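Subject: Handover of a structure

Hello,

Here is the structure I promised to pass on. Please open it next to this message and follow along.

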Amino acid sequence: MYLIRRYLCPLSNKAKLLKITCSSGCLRFSTSAKMSKKFKNARRIEGLDSNMWVEFSKLASDPSVLNLGQDLPDIPPPIYIKEELAKASTIDEMNQYTRSFKPTKGNEWSSAAWILDLKELESKFNSKTKLLIINTPQNPTGKIFSREELKGVANLCIKHDIICISDEVYEWLVYTGNKHIKIATLPGMWERTITVGSAGKTFSVTGWKLGWSIGPRSLIKQMQTVQQNSIFTCATPLQEALARAFQIDIKRMNDPECYFYSLARELEVKRDRMIQLLRSIGLKPIVPEGGYFIIADVSALNVGLSDRKKNEAYDYKFVMWMIKNKKLLAIPVTKFCNVYRKDFEKYVRFCFIKQDSTLDAFEKIIKNWNK
Ligand SMILES: Cc1ncc(COP(=O)(O)O)c(C=O)c1O
């Protein structure tokens, strides 16, 4: 209390001073005063303060709504990664800046039916193209690119002499009968590919915001320069715990209990349960080959959405209706696209990296859907 008073007093004196100065008319200081032009945001960031994640996080904050939209695993991460974090935080040097890094050497309703149109992809290239980003297994469709498709992409990268960034954050979340292939392993691709991975997706710790890039020294060196001059460091105890979790799982790569495989096994059961439930009310889910999302065609339900604005996409209207009437949240797929919106308007995305109790709550909503 004493401390609070001590600090409050000088503050209240300052406030008085401000009032006097303001009333003297020397200073224009009021909450309604116009902001100096110099304090305004650059025009290029105008409108970026609101986006779909801001909007849907707000909608999900209603405790009566079941959130199957965002990629928030509510399953616990593996015990040893939490234990390693606890251990790392007790070592003094681990609580300081990250150590500098050294590169080392080194069926219609299945997502498989979503085929890459190589001709269309090539038509997007021009003399200024420098870089291509590919994501496999893909969010939100769950598609895993086949070797043939990857070869086609690789040929384009080589022909146009460009860099490939391969986002493989769901590389271990691959379901029965499917195989994830790293584009960097195809001939001529290692030297032009940066492969990106994520602790959040690999070890179910999305709050750690930690990842890695693998690539040739020449490309990683440039990335280090950018990192050094932008974020500079990541949280050292998290990095240490992640490295140790990797050591644990890399040692047991031949063991079915290795988390890289056990998580996918656990999720495949959840995927199949969600698919069945979605089908039971007439939705048409696309069975994902990988990742932890299902997109489902909701158009067959024909729910009346006439009270929404005309220019809103159908999937957005549907999700708003579902939140209000069914207390269930998913993500409208058109929110991921800025072109070809019409093609995606009938799909919404559900996330299935959820505890069984969350899926039980989902089942209850589905069972009551037509009541
Ligand atoms: C395809 C893809 N890449 C990257 C990320 C970002 O991963 P992280 O949260 O580890 O930064 C996400 C997150 O949803 C994703 O779906």
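Where is Pro137 found? Pro137 sits in the loop between β2 and α5 (147-159). Helices (H or I, at least four residues) and strands (E, at least two) are DSSP runs, numbered from the N terminus.

Before the rest, some ground rules. This is a predicted model, in which local features need pLDDT of at least 70 and side-chain atom pairs count only at pLDDT 80 or more, while totals for chains, interfaces and linings use all residues. Residues are numbered from 1 along each chain as its sequence is written, and side-chain values use heavy atoms, with hydrogens and water left out.

**Overall**

The chain has 12 helices and 10 strands. Of its 371 residues, 41% are buried. Buried means under 20% relative accessible area, exposed over 50%, and partly exposed in between (1.4 Å probe, protein chains only). The accessible surface of the chain is about 22500 Å². Carbon and sulfur atoms hold 56% of that surface. Accessible areas come from the Shrake-Rupley method with a 1.4 Å probe; for residues, only the protein chains shown count as cover.

**Back to that loop**

The peptide bond from Thr136 to Pro137 is cis, with omega near -15°. A cis bond also joins Asn139 and Pro140, where omega is about 15°. Pro140 too is in the loop between β2 and α5.

**The ligand**

Asn139 is also one of the residues around the ligand.

A polar side-chain atom of Ser198 lies 2.6 Å from a ligand oxygen. For Tyr170, the distance from a polar side-chain atom to a ligand oxygen is 2.7 Å. For Lys201, an N or O atom in the side chain is 3.0 Å from a ligand oxygen. The ligand has 390 Å² of accessible area on its own, and the protein covers 71% of it.

A polar contact is a pair of N or O atoms within 3.5 Å; within protein, one must be able to donate a hydrogen and the other to accept it, and residues adjacent in sequence count only if both atoms are side-chain atoms.

**Ser198 and its surroundings**

The backbone oxygen of Ser198 lies 2.7 Å from a polar side-chain atom of Thr202. Thr202 belongs to helix α6 (residues 199-202). Thr202 counts as buried because its relative accessibility is 4%.

Glu171 is in the loop between β3 and β4. At 12% relative accessibility, Glu171 counts as buried. Its side chain makes a polar contact with the side chain of Lys182 (2.8 Å).

**The four-stranded sheet**

Four strands form an open sheet in the order β2-β3-β4-β5, with mixed pairing. The edge strands, β2 (131-135) and β5 (211-214), each pair on one side only. Two strands pair if DSSP finds at least two bridges between them. Strands β3 (residues 163-167) and β4 (residues 193-198) run parallel over four bridges. Ser166 has Thr195 as its bridge partner in β4.

**Strand β10**

Is strand β10 (residues 347-351) enclosed or open? Five of its five residues are buried, so β10 is largely enclosed by the rest of the structure. Tyr347, Arg349 and Cys351 cover one side, Val348 and Phe350 the other, and all are buried.

Strand β7 (residues 293-297) runs antiparallel to β10, joined by five bridges. Asp297 stands opposite Tyr347 there. Strand β9 (residues 331-332) also pairs with β10 in the antiparallel sense, over two bridges. In that pairing, Ile331 has Arg349 as its partner.

Phe232 has a positive phi of about 65°, although it is not a glycine. Phe232 lies in the loop between α7 (217-229) and α8 (236-251). Lys327, also not a glycine, has a positive phi near 55°. Lys327 is in the loop between α10 (314-326) and β8 (328-329).

Over to you.

Best wishes

Note on methods: Near = heavy atom within 4 Å.
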